[in-house]
Amino acid sequence: MANFNEISSLLDAVKVNESEINDTVTDIIEVVKDLEESVRLNRLLLSVRCIDLTTLAGDDTAERVAKLVHKALHPLEQSVLDGLPTRERIRCASVCVYPARVSDAIAALRTYDIPFPVASVAAGFPSGQTFLPVKLSEIRSAVSLGASEIDIVISRNLVLEGKWEELYNEVKELRKACGEAKMKSILKLGNCRVLVTYIKRL
């Protein structure tokens with residue numbers, strides 16, 4: 001693994017052409033509008049397969065999580081499926097819940113006897129404003145309950161204050177706590193002010 005100084009040197013060389021990015025996005029949108037219907041349908045189905053179907057409400061219950069699991073396994077109504085040219089099985093990518101609800105998702109999946117990923121937000125989601133030991137404990141608890149993916153938020157205060165090495169070391173600790181589970185970072189770009197800052201966060 002590259003050390004922080006190597007990564008920092010690469011990031012310092014990043015130049016962002018915001019105008020070019022905006023033009024490219026506009027071009028992509030125009031191309032999508034002109035796609036044949038069958039191609040657009042395939043892209044939409046692919047989009048469904050990429051969804052982490054999520055509930056992160058303060059009043060989540062085992063029953064709500066069970067309904068979420070059912071919806072993730074059967075995201076399209078039968079009437080929609082009957083009209084599709086494909087008979088491929090359509091499912092979402094995963095269900096995503098708070099750590100305390102991971103066991104509910106695992107229990108709901110047992111009734112279907114289908115291997116299916118359960119993701120959990122952690123590390124002080126959504127603000128990230130808690131102590132590192134608390135973040136690590138939350139991750140380990142979610143993994144021990146059966147989460148196969150951990151969705152973290154980074155400490156945006158470290159981004160805004162330019163404390164890149166501290167951020168780097170924190171993310172390393174979070175990743176280590178995940179063990180065999182995958183880790184994904186939710187960027188929360190609205191909290192940062194310029195595209196160069198976004199790039200450094202990657």
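This report covers the sheet, the helices packed on it and the nonpolar cores of one predicted model.

Residues are numbered from 1 along each chain as its sequence is written, and side-chain values use heavy atoms, with hydrogens and water left out. Because the model is predicted, local features need pLDDT of at least 70 and side-chain atom pairs count only at pLDDT 80 or more, while totals for chains, interfaces and linings use all residues.

**The sheet**

An open sheet of 5 strands has the order E1-E2-E3-E4-E5, with parallel pairing. Strands (E, at least two residues) and helices (H or I, at least four) are DSSP runs, numbered from the N terminus. Two strands pair if DSSP finds at least two bridges between them. Strand E1 (52-54) and strand E5 (182-186) are the edge strands, and each pairs on one side only. From one strand to the next, the twist averages 30 degrees. Axes here are lines fitted to C-alpha atoms, for helices over the stretch in contact, and angles run from 0 to 180 degrees between N-to-C directions.

| Pair | Sense | Bridges | One opposite pair |
|---|---|---|---|
| E2 and E3 | parallel | 3 bridges | Val 95 and Val 118 |
| E3 and E4 | parallel | 3 bridges | Val 121 and Asp 151 |
| E4 and E5 | parallel | 5 bridges | Glu 149 and Lys 182 |

How does the chain get from E2 to E3? The path runs through H6, and this β-α-β crossover is right-handed. From E3 to E4 the chain passes through H7, again in a right-handed β-α-β crossover. Right-handed means that, with the strands pointing away from the viewer, the path from the first strand over the helix to the second runs clockwise.

**Buried strands**

Buried means under 20% relative accessible area, exposed over 50%, and partly exposed in between (1.4 Å probe, protein chains only). Strand E3 (residues 118-121) points Val 118 and Ser 120 one way and Ala 119 and Val 121 the other, and all are buried. E4 is covered on both faces. Glu 149, Asp 151 and Val 153 lie on one side, Ile 150 and Ile 152 on the other, and all are buried.

H9 lies across E4 and E5, running at about 140 degrees to E5. Contact means heavy atoms within 4.5 Å.

Helix H9 also holds Glu 170. Is Glu 170 buried or exposed? Glu 170 is buried, with a relative accessible area of 11%. Not counting residues up to four places away in sequence, Glu 170 touches Leu 132, Lys 135, Ser 155 and Leu 158.

**Nonpolar cores**

A nonpolar core is a set of buried Ala, Val, Leu, Ile, Met, Phe, Trp, Tyr and Cys residues joined through side-chain atoms within 4.5 Å. The largest has 31 residues, of which Val 69, Val 95, Ile 139, Ile 150 and Ile 152 touch the most other members. Elements that give it two or more residues include helix H4 (62-73), strand E2 (94-97), helix H7 (132-145) and strand E4 (149-153). H4 gives the largest share, 5 residues.

Leaving aside neighbours within four places in sequence, Val 69 is in contact with Val 95, Ala 105, Ala 108, Leu 109 and Tyr 112. A second, separate core has 5 residues, among them Cys 96, Ala 119, Phe 125 and Val 153.
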